[in-house]
Amino acid sequence: MRIARTGRGVAAATSVAALAVTALATAAPAAVPHTLAVPAVVGHTLVHGVSSPLSSEQCQAKWHINCYGPLQYRTAYDLNALYRKGVTGKGRTIVIVDSYGSPTVQHDLDVYSKQFGLPSTKVRVVKWGHVPAFDPKNTDMTGWAGETTLDVEMAHAVAPDAKIVVVETAVSETEGTTGLPEMMSAEKYLIDHGVGDVISQSFGATENTFPGFGKGDFSSIKNLRYAFQDANRKHVTVLAASGDGGATDLKADGKTYYKQRVNSWPSSDPLVTSIGGTQLHLNDKGDRVKPDSVYNDYGSGGGGQSHVFTRPGFQNGVKSVVGNRRGTPDISMSAAVNGGAWIYSSYDPTAVGWDVSGGTSEATPLFSGIVALADQAAGHRVGNIQKSLYDLYAHHAKSNGIVDVNDGTDNSYQGVTGYKAVNGYDLATGVGTVDALRFVPALARASRHG
């Protein structure tokens, strides 16, 4: 969810190396509405005209929000000691999947990295299908370009030496199934060809919007799981944003919300690690001034019970919370707009500069960086982390780097009562968040395959 579109001036779009992949574009069934689900990064515009990032104190004075850079995140998540040990994501690859992508993603990452004194990295772009030429006047395309920019810069902020592959699909993901077959086919292709150790998905569709849901027929969702099943076999970690609608989510029109608790896929899939959202409270050095709370401002961290999937075995230890259903999220990272991340972009020539972005579409790539660090520390892919994650939570969670979020805030949103952050696992933040210095080696040790 974008809240601040900042900057003036002109920046040349730099081309990125693209790997063209021939794909058969899967046409959406005629019965599926072609209504667009706006990417979570698109949100509320507050201000124009700032040409460089400001301090949190300045953000508070101007917009009454906190805004953070990667150096603050590195302190907040206890990453710096890992970097000093050489654990930087080197030798590992993060795959980011977004419709259309951004034509300026490499240039923008380079500017972002230089601003904060980070080394940049090469972004490899894979075009899946006949991706149309980018049109900065097309709001659907610019929405996805913003999502792509956020995903790449957040993944890089946590795992600066990891390689990044951006998969651009030719059809926008929409509520229902339109666009999702293309995304799943692209993911399976890359998994089968050994490209990527962790996949970051900042998209989702409400389970209720899939064909057949109202009749209890979940085949339209289950028929899309083949990429995740493949990832599970090949030990590739798959992540998905839990959503920005709290305990509810969007209807098929992509604008209005259900008035009851719902969940979204792929976050609800048991083969996927669901990433929820927190609000960080940091000073300019990145030190916490108070404990994390639930993301709930211009959106709210998604969480609740799946109506499609029953409780998986790895959640048996939290069955008192999830009941007999799959519960989300599994774990959470920074997502609040009040405490959003500085992002640089130039894909829209009329608005080149710095934004503040938030949402679980920020939290998910942040956590993809954590997984890349664990892959490097383990010397192999940690793969499907679900059993390991809940085992680490159940046994000495604090020493394993799992930090409980339990301040009593909640993810109620759009009039639908959500869930409170309480002691232990909850449907607002999952097992909590991470202290990377402890969590990364613990996850590496807990992985069982080579």
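**Entry: Pro 329**

I looked up Pro 329 and found it in the loop between β14 (325-328) and β15 (331-334). Helices (H or I, at least four residues) and strands (E, at least two) are DSSP runs, numbered from the N terminus. I note that this is a predicted model, where local features need pLDDT of at least 70 and side-chain atom pairs count only at pLDDT 80 or more, while totals for chains, interfaces and linings use all residues. Residues are numbered from 1 along each chain as its sequence is written, and side-chain values use heavy atoms, with hydrogens and water left out.

Is Pro 329 buried or exposed? Its relative accessibility is 0%, so I put Pro 329 down as buried. Buried means under 20% relative accessible area, exposed means over 50%, and partly exposed is in between (1.4 Å probe, protein chains only).

I then checked the peptide bond from Thr 328 to Pro 329, which is cis, with omega near 0°. Next I looked for residues from elsewhere in the chain. Ser 274 is 55 residues away from Pro 329 along the chain, yet their C-alpha atoms are separated by 4.7 Å. Leaving aside neighbours within four places in sequence, I found Pro 329 in contact with several residues, among them Ser 242, Ser 274, Gly 302, Tyr 390, Tyr 425 and Gly 430. Contact means heavy atoms within 4.5 Å.

**Entry: another cis bond**

I also looked at Pro 266, which is found in the loop between β10 (264-265) and β11 (273-279). The peptide bond from Trp 265 to Pro 266 is cis, with omega near 20°.

**Entry: positive phi**

Asp 78 sits in the loop between α2 (70-76) and α3 (80-84). Its relative accessible area is 27%, so Asp 78 is partly exposed.

Gln 414 is not a glycine either, and I read a positive phi of about 50° there. The loop that holds Gln 414 runs between β18 (402-403) and β19 (433-434). Gln 414 is partly exposed because its relative accessible area is 39%.

**Entry: Asp 292**

I located Asp 292 in the loop between β11 and β12 (293-294). With a relative accessible area of 6%, Asp 292 is buried. Asp 407 lies 115 residues away from Asp 292 along the chain, and their C-alpha atoms are separated by 7.6 Å. When I left aside neighbours within four places in sequence, Asp 292 was in contact with Thr 278, Gln 279, Leu 280, His 281, Val 405, Asp 407 and Thr 433.

**Entry: the disulfide**

How many disulfides does the structure hold? I found 1. A disulfide is a pair of cysteine sulfur atoms within 2.5 Å. Cys 59 and Cys 67 form it, with their sulfur atoms 1.6 Å apart. The torsion about the S-S bond of Cys 59 and Cys 67 is about 90°, and therefore I recorded the disulfide as right-handed. Cys 59 and Cys 67 are both buried.

**Entry: a helix pair**

Two packed helices are described by the angle between their axes and the distance between the axes. I looked up helix α5 (residues 139-158) and helix α10 (residues 360-378), which pack at an angle of about 35°, with their axes 7 Å apart. Axes are lines fitted to C-alpha atoms, for helices over the stretch in contact, and angles run from 0 to 180 degrees between N-to-C directions. The crossing of α5 and α10 is right-handed. A crossing is right-handed if the near helix is turned clockwise from the far one by less than a right angle, and left-handed if anticlockwise.

Residues in α5 including Leu 150, Met 154 and Val 158 meet residues in α10 including Pro 365, Ile 370 and Leu 373. I sorted the residues of this contact into 8 nonpolar, 3 polar and 3 charged. Ala, Val, Leu, Ile, Met, Phe, Trp, Tyr, Cys and Pro count as nonpolar, Asp, Glu, Lys and Arg as charged, and the others, Gly among them, as polar.

**Entry: the whole chain and its confidence**

I listed 12 helices and 19 strands for the protein. Of its 450 residues, 63% count as buried.

The mean pLDDT is 88, and 87% of the residues reach 70 or more. pLDDT is the predictor's confidence in each residue, from 0 to 100. Over residues 1-38 pLDDT stays under 50. Residues 40-49 also have pLDDT below 50. Where pLDDT is low, the predicted coordinates should not be read in detail.
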